[in-house]
Every structure is written in C-alpha cells, then in structure tokens.
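Trainee: I would like a close look at a single part of this model. Please take one residue and then its surroundings.

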Amino acid sequence: MADQPTSAPSFGRSVIALGLLDDKRPVCVAHIEGKGRGVLAMRPLSRGELLEHAHVIVVPPEQAAHLDRTVLEHYVYDWPGGRLAVALGHGSLFNHSFRPNARYRRDLEANLLVFEALCDIAPGDEVTINYNGDPADRTPLWFDVVDGE
C-alpha cells in the first residue's frame, strides 16, 4: 500500500515521530523536547517549497468568542471578519519562532493555509512559523517563546 508507515527517521537527536511517516511527505509531526508536538522536515526542503495546503474550518465570530474556553484556543488562526480558522493536517501543529524557517499565507477563496519554506531546511530540523503572520514581526505573544537552536 502507498501509505504504509515506515520506521522513524534518525535525526541524530531524541525524536518521537507521531503518525504516518512517508519519505515522500515533506514534514511529519513529532514530539519536540521542551515544546510538545511540532513539525519536522522529513527530507531536505528547498526555499520556496510547498510544505502543506492545510484546509481550515472557519469559525464565525459569534462562536469564535467562546474558543478561549476550549483547548482549541492555542491552535487557531485569525481570519478576516472577526472569524477564526482551525487548520487541519499539520497546520495547527507548527510551533512559533521569531526566526522562522517557514511562512504561511491565507487563501481565503479556498479556505486554506498555505505553508512554504523560507529557506533550505535540513531533514530533522523543526519547521517553525511566526504566529504573528509576518516572518519579521517581533510583536510579543501570549506565552514565553522557546527559540532555541
């Protein structure tokens, strides 16, 4: 079968890969020491490479106001019109960095988040985004940022 899981890749550090592993996929979800779940590069990734098209569930404003009392509070993206979006796939599992190696953009017509590499990324490296949207935005967040090398 095409989607048979393979053994966890060896990245030279303690990594617990979660979910389906496949050499053709650019990224996988893994346990990141000190952070919890995050996204790792499965193979060499090139600058500008598409990492994922993540479909989203758009939450209307009247419901979005209640998400701060749920586990989803830390996994949503701002969406125009006072709405929020829950990203499917890997989309809600990318960790934040003020020195991200990936970016996302909203495709409002298709209800997608598009994730792309900002630079070349080595296999086993964590793939991070800036939660502020703009990779250069240093606006403080609601948590202490773990931005280790």
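Is S97 buried or exposed, and at what relative accessibility?

Mentor: This is a predicted model, in which local features need pLDDT of at least 70 and side-chain atom pairs count only at pLDDT 80 or more, while totals for chains, interfaces and linings use all residues. Residues are numbered from 1 along each chain as its sequence is written, and side-chain values use heavy atoms, with hydrogens and water left out.

S97 counts as buried because its relative accessibility is 4%; buried means under 20% relative accessible area, exposed over 50%, and partly exposed in between (1.4 Å probe, protein chains only). S97 sits in the loop between β7 (95-96) and β8, where strands are DSSP runs of E, at least two residues, numbered from the N terminus. The side chain of S97 reaches the backbone nitrogen of R99 at 2.8 Å. Along the chain S97 and T128 are 31 residues apart, yet 5.8 Å separates their C-alpha atoms.

At the β5 end, β5 and β6 pair over four antiparallel bridges, and W79 has R83 in β6 as its bridge partner.

Y77 is in contact (heavy atoms within 4.5 Å) with residues including Y104, L113, F115 and I129, leaving aside neighbours within four places in sequence.

Conventions. Two strands pair if DSSP finds at least two bridges between them. A polar contact is a pair of N or O atoms within 3.5 Å; within protein, one must be able to donate a hydrogen and the other to accept it, and residues adjacent in sequence count only if both atoms are side-chain atoms.
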